[in-house]
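Subject: Structure handover

Hi,

Here is the structure I promised to pass on. Please open it first, then read my notes below.

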Amino acid sequence: MSHSVEILSVGTELLLGNIANTDAQMLSQGLSELGLNVFWHTVVGDNPQRAREAVALAKKRADIIITTGGLGPTCDDLTKNVLAEAFGRRLVFDEGSAQRIRAYFQRTGRPMTDNNLQQAMLPEKCEILENDWGTAPGCAFEAEGVHVIMLPGPPSECQPMFQYRAKPYLLSLSEGVIASHTVKLFGIGESTMEAQLREQMNAMSNPTLAPYAKEGECELRVTAKAATDEEAQALLQPTVKQVRELFRDKVYGVDVPSLEYVVLKGMGEKGLTLGTAESCTGGLIAKRLTDVPGASQVFKGGIVSYTDGIKESVLRVPEHLLTQFGAVSKEVAAAMAQGARQVLRCDIALSSTGVAGPDRDDWDNEVGTMFVAIATQEGTHVRALHLGNRPMRERLRTQTASHALDLARRYLAGLDYGD
């Protein structure tokens, strides 16, 4: 499928920065999994003239236009009107959509004003994309060699509408099947990863290999197209295997949601429990672990020991370590993990201590100096990190939390700690 895609997001609130354009991010990720190239993101406010100009430009340069927002009942919801006008289509009343809108209001017990039925006005001869998550239906049609797909704006509606309505429509445009696998890596930068694969990526056409940088980690998406899913998988597997062999212990999983998911799954399989002692990460490791459903089977608890006094009184970090080496040191990181393991009575404990900024600490450690540690029945290991003094505080915390989780991942997999 060699189509070019433009995502056209409609809504003044996006331009004002009142809300982030998470729809466009979600759509770009989903479309890349289908092997579709998103070439343009456009955001336009609730203004008919500017919307017409944006649509006219998209129509000239894209094979597929996907719009989000502007399908609601109020006068500033203008997406359908502008798109229908641009492609010479009348808007016609769809009784089936009207019935679903009425039923939605009855089901939720909310009064329905007449203007809600504007949402049942749809371009003639379009494919109606039923919205089971809200009121405004989406729609799709082809005209003048361009495919147009309109989706509602609220992310709680846009995401399932793309997954269950737009995606099948898009797949129907292509003969055969598109399949992909995502290889997740930690401990390697995107530029280093890409340098090792550049020639191969440029030479590949089916399957393709695309790198993505996430917060402090990397992904490689392998995508193949074939007549059947079995044939697509047969094309994918050698490349996935090759990537695994190339990056070895930097690969923490294929098609897995996150590093914390891998850690919890591995610990659950071994019947082990986990605890955390955090300083610079402020509870972020515990938050990421408890974001995973079922974490309570493994995670016993976490202690945010932000001051020396709490490190000493709760985690039992010896006072002489704090006075001799300071809180940001490998000695204190080790003692924090050991203390958490005892206090929380868990099999494995992770700790973090460091300088997240914006200034150096009292011991003149520069911003980005971090230590993470793991304490197990076999002993304690500390990883020293120098993450640079330029990244923002939140990014430093995210990277530090990931490094702590990586220690647990490596321990569970029987790997060396890779420092």
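One definition to start: a residue is buried under 20% relative accessible area, exposed over 50%, and partly exposed in between, using a 1.4 Å probe and protein chains only. By that rule, Phe141 is buried, because its relative accessible area is 2%.

Before more detail, some ground rules. This is a predicted model, where local features need pLDDT of at least 70, side-chain atom pairs count only at pLDDT 80 or more, and totals for chains, interfaces and linings use all residues. Residues are numbered from 1 along each chain as its sequence is written, and side-chain values use heavy atoms, with hydrogens and water left out.

**Phe141**

Phe141 sits in strand E7 (residues 138-143). Helices (H or I, at least four residues) and strands (E, at least two) are DSSP runs, numbered from the N terminus. What does Phe141 touch, not counting residues up to four places away in sequence? Its contacts include Leu83, Phe87, Lys125, Val148 and Tyr169. Contact means heavy atoms within 4.5 Å. Gly189 is another matter: Phe141 and Gly189 are 48 residues apart in sequence and 42 Å apart in space, C-alpha to C-alpha.

Helix H3 (residues 48-61) packs on helix H4 (residues 79-86) at about 50°, with the axes 10 Å apart. H3 is therefore oblique to H4. Angles under 35 degrees count as roughly parallel, over 145 as roughly antiparallel, 65 to 115 as roughly perpendicular and the rest as oblique. Axes are lines fitted to C-alpha atoms, for helices over the stretch in contact, and angles run from 0 to 180 degrees between N-to-C directions.

**Strand E3**

Is strand E3 (residues 64-68) enclosed or open? Five of its five residues are buried, so E3 is largely enclosed by the rest of the structure. Ile64, Ile66 and Thr68 point one way from E3, and Ile65 and Thr67 point the other way. E3 pairs in the parallel sense with strand E1 (residues 4-10), over five bridges. Two strands pair if DSSP finds at least two bridges between them. E3 also pairs in the parallel sense with strand E8 (residues 146-151), again over five bridges. Thr68 of E3 stands opposite Ser9 and opposite Leu151 in E8.

**Sheet and hairpin**

Four strands form an open sheet in the order E10-E11-E9-E12, with antiparallel pairing. Strands E10 (208-214) and E12 (251-254) stand at the edges with a single partner strand each, so one side of each has no neighbour in the sheet. The twist averages 25° from one strand to the next. Elsewhere, a hairpin joins E16 to E17 through two residues. Strands E16 (residues 369-376) and E17 (residues 379-386) pair in the antiparallel sense over eight bridges.

Most residues other than glycine have a negative phi, and most peptide bonds are trans. Here are the exceptions I noted.

- Asn206 and Pro207 are joined by a cis peptide bond, with omega about 10°.
- The bond from Gly357 to Pro358 is cis too, with omega near 15°.
- Lys125 is not a glycine, yet has a positive phi of about 55°. Lys125 is exposed, at 76% relative accessibility.
- Arg316 has a positive phi near 65°. Arg316 is exposed, with a relative accessible area of 53%.

Best wishes
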